[in-house]
Amino acid sequence: MRGTTVQVLGDHYVADLGLRLERDFSVVSRVSGVSPFTLGAPRDVGLEAADDDAPLTPRAGLDLNKDLLTTLRSAHADVLVVDLTGALRPVAAIGVGWYTAAPEETSWLADLVAAETAASRAIEPHLVAPSKELLGQFDAFARVVHDVYGPERVVLVTAHVAEFCWDGARLVPRGRIQEARAAAALLAGLERRFEQITGCRSIVISRSFLPCGDPGPTDLRLGPDFADALERAVVAVCRSAAPTPSTDLARVPSAGTSRFTEWAHRTLTRGLPYTGQLVDRRLAALSAISDGDAIALAALVAALPEDAAWPAVVDRLCRHPDSAPARRARTMFERNVDALSGYRYCFVEGLEDLSPEPRGVVFLPGGIVLRFDPAGAQAVELRHPRTSPWDHRRTIERGYVFSVDEIEDVLGSWPLYLERARRGDDAPFVLDHPDLAAFADSLLTVDYPDVLADERLCVTVAGRLPTDLDWRPRVDAGFLFEPDTRVCCLRSGFGDQLYYYVQARQAAERHGLRLFLDDLLYDNDELIARTPHIRPDVLPFTASSGVFSELFSRRLRTARVRGLQERRDNRSEYQRMGLHEMVLAVDRVHLRACYDRRQYPSALTVQVIDLAGYDRLVASPPGVLFLDVLAKPTLLGYRLLEHKADWESAIELAPLGSETAREIEAQMLASDAIVVHIRRGDRVALGMADGDAYYRDFVHRTAQLDHLEDKHWFVFSDDLDYCRTHRVELGLDVAGERITFVEGNHHYASIDDFHLMALGRAIVCGRSGFSAAAAMVSRRVEYIFGSGYSLTPGGDMWQRESLPLELQA
């Protein structure tokens with residue numbers, strides 16, 4: 001498997017972008033909290049803390065050193081996703097440099113800027129037009145982005161400061177609109193400037209979502225579905241074969257301010273009189289009606305519901321030839337009719353005779369629906385697809401019959417799918433409409449092709465189904481409750497995932513069981529969040545009865561990730577469905593640490609302390625297999641190499657993904673390749689890196705292997721610059737000219753490093769599961785050097801028994 005890695009630069013829109021819903025996308029680096037105005041500013045070499053021990057956060061370190069070039073390059077990401085809302089942060093000139101205010105941060109630099117802000121010497125760029133100096137610094141920032149990534153690898157998420165917001169119940173005008181307008185103008189200007197300098201692609205999806213709440217004029221929090229929509233938009237742009245300068249994935253025009261929206265906001269905030277006829281005349285004067293205009297109209301209707309002219313005004317909005325909401329409704333209608341006309345399980349008569357008739361309903365992006373009913377108890381109803389309470393048990397009691405409003409709840413409900421599987425129910429999922437008019441309305445709002453890709457729904461009116469229905473669900477979780485099923489939960493780092501898999505596979509084979517891999521759980525692992533470059537997952541190397549990311553739908557995967565992020569009751573789906581959860585830890589102290597460090601159940605069904613207990617319980621009723629990484633060094637280190645033959649048979653090396661890697665493979669196979677894996681990166685940051693002497697000793701010993709006559713050393717590392725500049729200290733000078741530093745295999749491409757490392761005739765392992773796993777998998781290796789859990793106690797070398805012993809440990 002090859003994937004796409006993403007670096008995120010910005011605050012509001014992209015701050016929470018996780019890209020967890022797609023297995024082949026991953027966020028590997030984040031840069032936030034620093035204004036683009038100060039990222040491009042010159043560094044003031046004279047600015048330093050009065051106290052050498054004063055705290056300095058990574059954000060403050062970047063703001064101080066201005067080394068954006070290194071920060072971007074060191075991420076080794078495929079794509080950079082940018083939003084420029086950090087330009088709204090106050091900035092202050094100190095010495096010859098500029099620095100960003102960070103009131104939420106504790107560091108001496110943040111305190112220094114806070115003092116400038118308190119003394120009114122900081123500048124808020126959206127309130128004061130940026131000077132030529134600041135704009136020059138912004139241009140320098142954009143040029144660095146262009147130099148590192150180039151035009152096609154940069155995606156800009158455009159900003160939009162709306163004049164109306166949704167407070168959770170109604171549409172209301174924003175206060176202090178002059179500041180909001182200034183913020184919108186600044187961001188729009190900077191975005192155009194950034195696009196011109198970088199030639200980047202753009203996503204305007206942010207303009208299609210209503211802001212939630214309104215604590216301030218520049219608050220940019222968007223609706224509850226924005227994060228998922230942004231993720232899908234980023235994935236779509238990255239996968240597009242023919243990139244365009246600007247990509248509007250919501251397929252709607254900009255919801256930016258129009259004359260009508262400005263007039264509506266001014267009228268409501270100032271309490272000016274107006275009538276429905278006046279609104280109608282102003283709306284009629286528009287050559288095009290945007291989503292923003294529809295939102296403004298809704299606010300006007302809600303504030304004056306008794307006016308008799310509103311039905312005609314709403315009708316104009318819905319029938320205007322260039323109305324964005326109406327155009328979206330017509331496009332959706334045509335798309336759905338095409339999809340359902342050939343769909344086997346659509347049991348609606350007269351589908352081809354229907355036509356789009358909004359009837360006072362306006363459809364906004366994100367599934368938000370505005371219903372105008374001035375004569376009703378509520379003049380304007382704003383409905384979001386997930387605002388109503390829902391209980392999966394009621395859907396089960398109704399025989400899996402549900403309405404349009406419940407689609408997202410049903411298709412994203414793990415409890416429903418699991419309870420259905422536990423009960424063995426075979427009733428079809430039925431999306432029922434009370435009458436043909438309600439079905440026609442659904443054609444304007446429901447993306448049926450997207451829904452039916454996740455589940456085979458029977459689409460009906462008034463519950464009419466054929467008596468001889470032949471139907472099977474697209475997602476069937478019944479395998480979880482079969483007696484011979486076991487699930488191995490993959491998490492933590494790459495080598496650890498391989499270890500979990502091999503251990504579970506061995507147990508499953510001993511007992512004649514089917515092994516499934518849960519590859520969705522790693523999204524909740526702190527280690528992945530802190531050092532995402534250690535993933536990819538192990539799936540290209542493994543064989544199993546099934547993989548969760550392929551067995552379950554996109555909506556269920558989305559719900560699983562969201563549940564892992566938001567859960568507060570500390571219980572898992574497995575515990576809810578009554579499956580055994582088996583955690584292997586070295587002792588109860590480590591078991592407790594496992595609970596505290598990761599959000600696993602606080603009261604597991606089964607707690608396993610040793611391998612014998614683990615193996616016994618694997619043979620018990622259906623269960624889920626967890627292994628704690630803390631157990632591995634102490635409990636299993638002395639046994640790992642005893643299972644090398646099992647590793648060699650359990651894991652197949654994935655094909656190499658690049659021509660460069662294939663060239664190195666040929667070079668390694670043509671020589672007696674000596675592999676040296678020098679892990680630094682996160683180990684240096686955590687103070688756990690092996691010293692130079694550790695590697696120097698082992699490299700010198702590989703030089704004494706007379707049995708290998710055509711030696712060539714291949715160095716693998718996450719810090720090759722250090723390896724090159726410290727060749728003598730690391731002992732690599734013994735290689736002379738017969739040395740290759742293997743480059744370019746970062747993030748997902750580290751699969752190639754793993755494959756190549758396994759081709760060594762001798763392998764020097766750091767204290768790293770990555771290199772130890774490569775040595776365990778290798779069928780070509782004759783010597784393994786290293787200390788730690790990968791070798792027997794008291795020794796630091798392993799060799800195949802078929803070879804004469806040439807070195808004593």
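This note reviews a predicted model, moving from the protein overall to selected strands and residues.

1. Overall composition. The predicted model describes a protein whose secondary structure comes to 32 helices and 28 strands. The protein has 809 residues, and 56% of them count as buried.

2. Contacts and surface. Among contacts in the protein with a separation of 6 or more, 73% are accounted for by residues 24 or more positions apart. The accessible surface of the protein comes to about 33,500 Å². Carbon and sulfur atoms contribute 50% of that surface.

3. The open sheet. Strands β10, β16, β15 and β14 form, in that order, an open sheet of 4 strands with parallel pairing. Its edge strands are β10 (346–347) and β14 (401–402), each of which pairs on one side only.

4. Strand β10 is joined to strand β16 (residues 458–461) by 2 bridges, and the two strands run parallel.

5. Strand β18 and its cover. A separate point concerns strand β18, which spans residues 514–518. This strand is mostly covered, with 4 of its 5 residues buried.

6. Partners of β18. Strand β17 (residues 485–489) runs parallel to β18, and 5 bridges join the two. Within this pairing, Thr485 has Arg514 of β18 as its bridge partner. Strand β18 is also joined to strand β19 (residues 546–547), again in parallel, by 2 bridges. Here Leu517 stands opposite Val547 in β19.

7. Cys489. This residue lies in strand β17, the strand that 5 bridges join to β18. Is Cys489 buried or exposed? Cys489 counts as buried because its relative accessibility is 1%, and buried means under 20%.

8. Reading the strands. When these strands are inspected, one general point applies: in a regular strand the side chains alternate between the two faces of the sheet.

9. Summary of the β18 region. Strand β18 has parallel pairings with β17 and with β19. Most of β18 is covered, and Cys489 in β17 is likewise buried, at 1% relative accessibility.

Note on methods
Residues are numbered from 1 along each chain as its sequence is written. This is a predicted model: local features need pLDDT of at least 70, side-chain atom pairs count only at pLDDT 80 or more; totals for chains, interfaces and linings use all residues. Side-chain values use heavy atoms; hydrogens and water are left out. Buried means under 20% relative accessible area, exposed over 50%, partly exposed in between (1.4 Å probe, protein chains only). Two strands pair if DSSP finds at least two bridges between them. Contact means heavy atoms within 4.5 Å. Accessible areas come from the Shrake-Rupley method with a 1.4 Å probe; for residues, only the protein chains shown count as cover.
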